[in-house]
Amino acid sequence: AGLWGGLCCSALLSLIAGILFHLAPSYLLWFVCISVISALYSVVGDLFISMIKRLRGVKDTGVLLPGHGGILDRCDAMCAGIPLLTLGLLFMSVG
C-alpha cells in the first residue's frame, strides 16, 4: 500500500507542480511520467541498500543518527531517484 500511495502522491504532486508552472500539456505528461519513474527507482535504491546491509550482516549504515539506520538509510532513496529525475528533466528540456 505504501508503494502505491507513494507513486500516486508523486503523480499528483508533479501534476499540481506542472500546472502551477504552466507547463504545456505534452511537457506536463512527460513531467508526471518522469516523476513517477523516479519515485519508483528511489524504492529500488532503498531496497538495494537494504540488500547490501543484509549481505554484510549489519543493521545500520552508521551511528550518526541512532535509531534511524544511519545517514545512508536517510538518503538512499534520494541517491537513486535524484540522478534519474535530473536526467529526465534534462531530456525533457532538450527534446
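This note goes through a predicted model, point by point, from confidence to single residues.

1. Basis of the model. The model is predicted, and local features need pLDDT of at least 70, side-chain atom pairs count only at pLDDT 80 or more, while totals for chains, interfaces and linings use all residues. Residues are numbered from 1 along each chain as its sequence is written, and side-chain values use heavy atoms, with hydrogens and water left out.

2. Confidence. The protein has a mean pLDDT of 87, and 97% of its residues reach 70 or more; pLDDT is the predictor's confidence in each residue, from 0 to 100. Where pLDDT is low, the predicted coordinates should not be read in detail.

3. The loop between α1 and α2. His-22 sits in the loop that runs between α1 (2-20) and α2 (25-56); helices are DSSP runs (H or I, at least four residues) numbered from the N terminus. The phi of His-22 is near 55 degrees, a positive value in a residue other than glycine. Most residues other than glycine have a negative phi. His-22 counts as exposed because its relative accessibility is 71% (buried means under 20% relative accessible area, exposed over 50% and partly exposed in between, with a 1.4 Å probe and protein chains only).

4. The loop between α2 and α3. His-68 is in this loop. With a relative accessible area of 44%, His-68 is partly exposed. Leaving out residues up to four places away in sequence, His-68 touches Asp-73 and Arg-74, where contact means heavy atoms within 4.5 Å.

5. The largest pocket. Its volume is about 170 Å³. A pocket here is an open set of points on a 1 Å grid over the protein atoms alone, where a 1.4 Å probe fits, with protein on both sides within 12 Å along at least five of seven lines; lining residues have an atom within 4 Å of a point. The volume is the space filled by probe spheres set on the points, which are joined across faces, edges and corners.

6. The lining of that pocket. There are 14 lining residues, and Ser-10, Ser-35, Ser-38, Ala-39 and Leu-85 lie nearest the centre of the pocket. At least two lining residues come from each of α1, α2 and α3 (71-94), and α3 gives the most, with six. By type, the lining has eight nonpolar residues, six polar and no charged; Ala, Val, Leu, Ile, Met, Phe, Trp, Tyr, Cys and Pro count as nonpolar, Asp, Glu, Lys and Arg as charged, and the others, Gly among them, as polar.

7. Ser-38. This residue belongs to helix α2 and is buried, since its relative accessibility is 6%. Beyond four places in sequence, Ser-38 touches Gly-81, Leu-84 and Leu-85. A polar atom of the Ser-38 side chain lies 3.3 Å from the backbone nitrogen of Leu-85.

8. Ser-14. In helix α1, Ser-14 is buried, with a relative accessible area of 5%. Not counting residues up to four places away in sequence, Ser-14 touches Leu-28, Phe-31, Val-32 and Ser-35.

9. Trp-30. Helix α2 also holds Trp-30, which is partly exposed at a relative accessible area of 46%. Apart from neighbours within four places in sequence, Trp-30 is in contact with Phe-91 and Met-92. Trp-30 and Met-92 are 62 residues apart along the chain, yet their C-alpha atoms are separated by 7.2 Å.

Definitions and conventions: A polar contact is a pair of N or O atoms within 3.5 Å; within protein, one must be able to donate a hydrogen and the other to accept it, and residues adjacent in sequence count only if both atoms are side-chain atoms.
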